[in-house]
Amino acid sequence: MTELYWFRNDLRIDDNPGLAAHAEASRLLCVYFWPRQIPWCNLTGMGEQRKRFLLETLAALQSDLRERGQELMVLHGSPARWLPELVARFSVRRVGVSRTPGVYEGWEVDRVARLLEIPFLVHEGNTLFSAAQLPRTNAGLPSQFAPFRRLVEELGSASPSGEPLLPPRPDRVSAETVSQQETRPHPAFVVRGGAAAGKERLHAWMLRERAVDTYKATRNQLEGLFFSSFLSPWLATGSLSIRRVAELLREYERTHGSNESTRHLYSEFLWREFFHWRAYEDGSTLFRASGRGRRRHLRTFEPRSFARWCAGATDFPLVNALMHQLVATGWMSNRGRQIAASCLVNELNLDWRYGAAFFEKHLIDYDVASNYGNWQYIAGVGADPRGGRHFNIDKQTSLYDPEGEFVQRWQGVCAPQPEFSVDAADWPIA
Ligand SMILES: Cc1cc2nc3c(=O)[nH]c(=O)nc-3n(C[C@H](O)[C@H](O)[C@H](O)COP(=O)(O)OP(=O)(O)OC[C@H]3O[C@@H](n4cnc5c(N)ncnc54)[C@H](O)[C@@H]3O)c2cc1C
């Protein structure tokens, strides 16, 4: 019986419960749909570095599959248009996909399920815990992190499942080889897509350098090779399994002992987990200005301020440097993201969703749940019990860039920006 597996943010073979559920088929067709570019907050398209990383990830998966007698078809266009055609062409009897947060992603699955007249299975997604393990799901899921952590911290994460032996691809499948991009990684952040590169990074950071031992003290730095794990790009594309990473962390603790840094890393995994499960529950309110609540933060949206923030041309050198770093490398540290986001919300008084959309375009670790969840948190319309975070940029500069090296490297100082002029009706005057 021929089956079809639709890869989404689970671009790996190892510990992929969705893929493994189709290992018994006599033939398996593997497909991936290039993300749709839906205009949002006046932005479209994918930043060069994010695109590069995704293409590398797909090329690596395709080559891993080919080594196992399989193939990956990368298709452009809507799954609802393609899947019925593929099902008919290859006489597919069952289709599977793994669950991933995001409203469009959910609608797409519902639409395809309605169109196909064969069994359509939605498997567990890229989380530490399975839905069955969570003591409370749906409406009972805590809306803040601390109670969520208390609920799950004693749960062992589900064990990784290893690599399934894959059925061969159907005859007559031909797929173009995923082409590599001209764009290279920026020398300041050389990370390559694909499962092998992710595993290499995990081993280098945790086992070779043992940087996890000092993680708690270093994790707020803005730059460096080993101050934090850099695992997010592989976790976001699913080329690394979070359960595999957590298992290695547990092994590390058994061998070298646990300390506050190893425990802190695990609690960061729980943040990821929290945002993922919340995103399923929150649905479209994850993208609403007021979040789950009804309290609207009234703002005067000045598009020129947004343009300056994106271009790294504000009156805040640290923020400019961070934005230049983001666009050039596809990356920004966690503290950097907090500062840049707080600036957009609190200093520039802009709608947080525009900032989130810009991050979505550029971050190579873009993950819908973590991105929109963290932005809501800072904007005070999400999980923060304190109602939002306002970072004092001068204080952050003196804490994390006291010598001004980061600002200098990323050319954060720019000429003072002219005041905006508006007419009597508050319309901008160019
Ligand atoms: C405004 C804003 C937007 C963000 N957007 C994203 C995003 O699109 N994708 C994304 O993966 N993370 C996002 N984060 C969370 C966090 O900044 C990154 O996960 C982290 O910087 C990745 O670096 P690392 O892998 O070295 O993390 P480490 O510090 O080494 O942490 C290990 C892992 O824990 C998880 N993690 C750590 N912090 C968080 C957090 N606050 N929320 C959720 N998961 C976390 C990540 O999977 C990370 O890889 C965002 C944070 C902010 C403030």
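**Reading a predicted model, piece by piece**

Visitor: Which residues in H12 meet H13?
Guide: On the H12 side they are Leu318, Val319, Leu322 and Met323, and in H13 they meet Gly336, Ile339, Ala340 and Cys343. Please keep in mind that this is a predicted model.

Visitor: At roughly what angle do the axes of H12 and H13 cross?
Guide: Picture each helix as a line with a direction. Here helix H12 (residues 317-329) and helix H13 (residues 334-347) cross at roughly 120°, with their axes coming within 10 Å. This crossing of H12 and H13 is left-handed.

Visitor: What is Leu322 in contact with, leaving aside its neighbours within four places in sequence?
Guide: With those set aside, Leu322 is in contact with Met332, Gly336, Ile339 and Ala340. You can find Gly336, Ile339 and Ala340 in the meeting of H12 and H13 as well.

Visitor: Which residues in the largest nonpolar core touch the most other members?
Guide: They are Val319, Leu322, Ala340 and Leu344, out of 99 residues in that core. As for where the core residues come from, the largest share, seven residues, belongs to helix H15 (residues 368-379).

Visitor: Now the sheet. In what order do the five strands stand?
Guide: The order is S3-S2-S1-S4-S5, in an open sheet with parallel pairing. Strand S3 (73-75) and S5 are the edge strands, each pairing on one side only. From one strand to the next, the twist averages 25°.

Visitor: How many bridges join S1 to S2?
Guide: Six bridges join S1 to strand S2 (residues 27-33), and the two run parallel. To see one place where they face each other, look at Thr2, which stands opposite Arg27 in S2. Helix H3 (residues 79-89) packs on this sheet, where it touches S1, S2, S3 and S4, and its direction makes about 145° with that of S4.

Visitor: Is strand S4 largely enclosed or open?
Guide: Count its buried residues. In strand S4 (residues 92-98), five of the seven residues are buried, so the strand is largely enclosed by the rest of the structure. On one hand, S4 pairs in the parallel sense with strand S1 (residues 2-7) over five bridges; on the other, it pairs with strand S5 (residues 120-123), also parallel, over four bridges. Gly96 is a handy landmark: it is the bridge partner of Tyr5, and it stands opposite Leu121 in S5. Between S4 and S5 the chain crosses through helix H4 (residues 103-115), in a right-handed β-α-β crossover.

Visitor: At what angle do H3 and H4 pack?
Guide: They pack at about 35°, and their axes are 9 Å apart. The crossing of H3 and H4 is right-handed. Pro79, Ala80, Leu83 and Pro84 of H3 make the contact with Glu108, Arg111, Val112 and Leu115 of H4.

Visitor: Finally, why does Phe227 count as partly exposed?
Guide: Count the neighbours: a residue is buried if 20 or more other C-beta atoms lie within 10 Å of its own. Phe227 has 19 C-beta neighbours inside 10 Å, so it counts as partly exposed. Its place is in the loop between helix H7 (215-218) and helix H8 (232-237). Not counting residues up to four places away in sequence, Phe227 touches Thr218, Arg219 and Gln221. Phe227 and Val212 are 15 residues apart in sequence, and from C-alpha to C-alpha they are 8.6 Å apart in space.

Definitions and conventions: Residues are numbered from 1 along each chain as its sequence is written. This is a predicted model: local features need pLDDT of at least 70, side-chain atom pairs count only at pLDDT 80 or more; totals for chains, interfaces and linings use all residues. A nonpolar core is a set of buried Ala, Val, Leu, Ile, Met, Phe, Trp, Tyr and Cys residues joined through C-beta atoms within 7 Å. A residue is buried if 20 or more other C-beta atoms lie within 10 Å of its own, exposed if 12 or fewer, and partly exposed in between; C-beta atoms are placed from the backbone. Two residues are in contact if their C-beta atoms, placed from the backbone, lie within 7 Å. Two strands pair if DSSP finds at least two bridges between them. A crossover is right-handed if, with the strands pointing away from the viewer, the path from the first strand over the helix to the second runs clockwise. Axes are lines fitted to C-alpha atoms, for helices over the stretch in contact, and angles run from 0 to 180 degrees between N-to-C directions. A crossing is left-handed if the near helix is turned anticlockwise from the far one by less than a right angle, and right-handed if clockwise.
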